[in-house]
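Take a first look at the structure shown here.

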Amino acid sequence: MIKNKKSGQLIIVSAPSGAGKDTVVRGVMEKDNHNRWVSVSATSRSPRKGEQNGVDYYFFSKEEFEQKIKEDYFLEYAEYAGNYYGTPKEFIKEKLDQGIDVILIIEIQGAAIVKQKLPESLLIFIMPPSLKTLVKRLKGRGTDSNDKIIERFHTAYKEINEVTKYNYVVVNDKLEEAIEKVDAILKAEKCRVDRIEEVYLDTKEEEIHELLLDKEFNNESISSKID
Ligand code: ADP
Ligand code: 5GP
């Protein structure tokens with residue numbers, strides 16, 4: 001009776017560094033990794049301990065990254081904390097055409113570029129429960145120097161002010177609850193009326209419709225109720 005759009009949805013997840021966006025998205029993917037795909041970004045920053053090329057990021061030198069910009073390789077790119085970050089265009093259209101939701105975990109400047117290019121994108125902001133918790137998580141992660149943590153913390157102020165440009169905000173206090181909420185948002189988006197491509201009546205419906213319009217049938221059913 002209802003035919004929905006087959007294409008997947010482009011979903012942007014942003015958050016101040018350390019708020020838990022990678023952790024939340026990992027949980028969301030554990031719930032459904034068939035119909036969702038997380039894009040692997042490119043960056044000019046150095047790999048952190050344990051990060052793998054092609055898995056966590058594509059690691060490029062500054063020069064390589066700038067060459068890729070010239071080649072129009074990116075859907076969007078931005079400078080963040082002194083490094084380049086960008087979303088390769090490759091695979092995105094293909095995944096969306098296959099009906100797979102594409103998740104971009106990107107900062108706010110890149111999110112604004114994608115929203116401008118593709119206004120139907122869905123923007124989700126992951127908020128830390130407090131700034132105190134944010135610092136605790138940044139320190140606890142143990143991947144950044146004190147200087148970097150201070151720099152990222154300052155940037156967090158600016159980022160939090162941008163929340164009103166997003167469609168949804170999810171506070172990441174209890175991890176499982178945050179995962180449930182993002183998962184629910186993605187599911188609810190699939191039910192939006194503007195995803196309907198066509199509404200039609202199949203044969204059975206049409207028959208019932210005809211019967212309901214039939215005067216004699218109506219009279220019969222009413223009188224049978226009286227008897
Ligand atoms: P981001 O991707 O936003 O920079 P991460 O996902 O790397 O943040 O999370 C930062 C740190 O906080 C990690 O050590 C992670 O395990 C931890 N963390 C994430 N979410 C929660 C949560 N709800 N409660 C406690 N710790 C969390
Ligand atoms: P990190 O260095 O902590 O991995 O990432 C720093 C910031 O860059 C995070 O907010 C992360 O979401 C963002 N980021 C990662 N990949 C991209 C990307 O492809 N484009 C943009 N604009 N930001 C990205």
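Predicted model: local features only at pLDDT ≥ 70, side-chain atom pairs only at ≥ 80, totals over all residues.

Residues are numbered from 1 along each chain as its sequence is written, chains are lettered from A and ligands numbered from 1 in the order in which they are written, and side-chain values use heavy atoms, with hydrogens and water left out.

Start with the inside. A nonpolar core is a set of buried Ala, Val, Leu, Ile, Met, Phe, Trp, Tyr and Cys residues joined through side-chain atoms within 4.5 Å. Buried means under 20% relative accessible area, exposed means over 50%, and partly exposed lies in between (1.4 Å probe, protein chains only). The largest nonpolar core has 21 residues, and I124 and I126 have the most contacts inside it. At least two residues of this core come from each of β2 (10–14), α1 (21–31), β9, α6 and α7 (175–189). Helix α7 gives the largest share, five residues. Apart from this core lies another, with 16 residues, including A111, M127, V163 and Y166.

The helix and strand names come from DSSP runs (H or I, at least four residues, for helices; E, at least two, for strands), numbered from the N terminus. Contact means heavy atoms within 4.5 Å. Beyond its neighbours within four places in sequence, I124 is in contact with several residues, among them I11, V13, Y166, V182 and L186.

Now follow α6. This helix covers residues 146–160, 15 residues in total. From first C-alpha to last it reaches 21 Å, close to the 21 Å expected at 1.5 Å a residue. That expected span is 1.5 Å times one less than the number of residues. Which residues of α6 are buried? They are I149, R152, F153, T155, A156 and E159. An α-helix has 3.6 residues a turn, so residues three or four places apart point the same way. The buried residues of α6 pack against β6 (74–80), β7 (83–88), α4 (108–117), β9 (122–127) and α5 (131–141).

Helix α7 also holds D183. Why does D183 count as buried? Its relative accessibility is 4%. Leaving aside neighbours within four places in sequence, D183 is in contact with V28, K31 and R36.

Turn to ligand 1. It is surrounded by 13 residues, the closest being G18, K21, T23, R141 and N172. A residue is near a molecule if one of its heavy atoms lies within 4 Å of it. A backbone N or O atom of G18 lies 2.8 Å from an oxygen atom of ligand 1. For K21, a backbone N or O atom is 2.9 Å from a ligand 1 oxygen atom. A polar side-chain atom of T23 lies 2.5 Å from an oxygen atom of ligand 1. Taken alone, ligand 1 exposes 560 Å², and the protein buries 75% of that.

Ligand 2 has 16 residues around it, with S41, Y57, E76, Y85 and E107 coming nearest. S41 sits in the loop between β3 (36–38) and β4 (42–43). S41 counts as buried because its relative accessibility is 9%. A polar side-chain atom of Y85 lies 2.5 Å from an oxygen atom of ligand 2. A side-chain N or O atom of E107 is 2.6 Å from a nitrogen atom of ligand 2. Taken alone, ligand 2 exposes 510 Å², and the protein buries 96% of that.

Notes: Polar contact = N/O pair within 3.5 Å; in protein donor to acceptor, adjacent residues only side chain to side chain. Areas by Shrake-Rupley, 256 points an atom, 1.4 Å probe, with all protein chains shown as cover.
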